[in-house]
Structure formats: C-alpha cells, structure tokens
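Here's a quick briefing for anyone meeting this structure for the first time. Have a look at the sequence and the model, then read on.

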Amino acid sequence: MAAVYLVFILKGIGGDAPGGFDSLANVKLLFSNDEPVLAGWIHYLVFDLFVGMWICHDADKRKINRWVLLPCLLLTFMLGPTGLLLYFIIRVIYLKKISSGSLC
C-alpha cells in the first residue's frame, strides 16, 4: 500500500500540478485531481488499519477484553483519531482497575 500511495502522490503532485501544503487553499487545490485524492484515501486507510492493528496488539498485551475493542476499532476505521482516543480512555480506566485490584 505504501508503494501504491507513493506512485499516486508523485503522479498527482509532481510536475506543474496546482496547489501545495503551505495553506488550506493550496491543499484544496491539490485535491482537485483524482491522483492526489486517491493517495489521500490510501493514506487514511493505511493509517487507520495500522492504528487498529496497534490497538489490538496493545490490548492483547494488557489482556483487555476484545469485545471492549469493537467500538474503538469501528471508530478508528471510520473516524481515525476518535477511535484511538476512545481506546486510550478505556486503557486508562482498565489500568486503574488493575492497579486497584478490582479486576479479576
């Protein structure tokens, strides 16, 4: 996926393509062509899937119930940072329960 991303980002942004990363208006111009839009979509998919994988791995290490992860993973896939934030909140609550000894 990284290679596909690189191909489309270079194809879409290279050369005399309008836009840039120096302002919101220029970023919007970048996404006026299909290649940068596809690259952006791949970017989000790869990061959301990677973060979801990290959440699962971290939860396994901490023995957090997988059913608890379901809303975190769904939110991570659909709204990226929101799912990660929910996981961090759950992890803090879970770790507090473990340290207080109330979790069996």
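Are α4 and α5 roughly parallel or roughly antiparallel to each other? Their packing angle is about 155 degrees, and angles over 145 count as roughly antiparallel, so that is what these two helices are. Keep in mind that this is a predicted model.

**How α4 and α5 pack**
- The axes of α4 and α5 sit 6 Å apart.
- On the α4 side, the residues in the contact are Val-68, Leu-69, Pro-71, Cys-72, Leu-75, Thr-76 and Leu-79.
- Sorted by class, the contact of α4 with α5 has 11 nonpolar residues, 3 polar ones and no charged ones.

**How α3 and α5 pack**
- Now for α3 and α5: they pack at an angle of about 10 degrees, with axes 11 Å apart.
- Angles under 35 degrees count as roughly parallel, so α3 and α5 are roughly parallel to each other.
- Val-51, Trp-54, Ile-55, Asp-58 and Ala-59 are what α3 brings to this contact, while α5 brings Gly-83, Leu-84, Tyr-87, Phe-88 and Arg-91.
- That contact of α3 with α5 splits into 7 nonpolar, 1 polar and 2 charged residues.

**Arg-91, a residue to look up**
- You'll find Arg-91 in helix α5, which covers residues 81-100.
- Arg-91 has a relative accessible area of 18%, and buried means under 20%, so Arg-91 is buried.
- Leaving aside residues up to four places away in sequence, Arg-91 touches Trp-54, Asp-58, Arg-62 and Ile-64.

**The largest pocket**
- The largest pocket holds about 170 Å³ of space.
- Two or more lining residues come from each of α3 (34-61), α4 (66-79) and α5.
- The largest share of the lining, 5 residues, belongs to α3.
- Among the lining residues are His-43, Tyr-44, Phe-47, Met-78, Gly-80 and Pro-81.
- By class, the pocket lining is made up of 8 nonpolar, 3 polar and 1 charged residues.

**Asn-65, in a loop**
- Asn-65 is placed in the loop between α3 and α4.
- With a relative accessible area of 43%, Asn-65 is partly exposed.
- Asn-65 and Tyr-94 are 29 residues apart in sequence, and their C-alpha atoms are 10.0 Å apart in space.

How values were computed:
Residues are numbered from 1 along each chain as its sequence is written. This is a predicted model: local features need pLDDT of at least 70, side-chain atom pairs count only at pLDDT 80 or more; totals for chains, interfaces and linings use all residues. Side-chain values use heavy atoms; hydrogens and water are left out. Helices (H or I, at least four residues) and strands (E, at least two) are DSSP runs, numbered from the N terminus. Buried means under 20% relative accessible area, exposed over 50%, partly exposed in between (1.4 Å probe, protein chains only). Contact means heavy atoms within 4.5 Å. On a 1 Å grid over the protein atoms alone, a cavity is a set of points where a 1.4 Å probe fits but cannot get out, and a pocket is an open set with protein on both sides within 12 Å along at least five of seven lines; lining residues have an atom within 4 Å of a point. Grid points are joined across faces, edges and corners, and a volume is the space filled by probe spheres set on the points. Ala, Val, Leu, Ile, Met, Phe, Trp, Tyr, Cys and Pro count as nonpolar, Asp, Glu, Lys and Arg as charged, and the others, Gly among them, as polar. Axes are lines fitted to C-alpha atoms, for helices over the stretch in contact, and angles run from 0 to 180 degrees between N-to-C directions. Angles under 35 degrees count as roughly parallel, over 145 as roughly antiparallel, 65 to 115 as roughly perpendicular and the rest as oblique.
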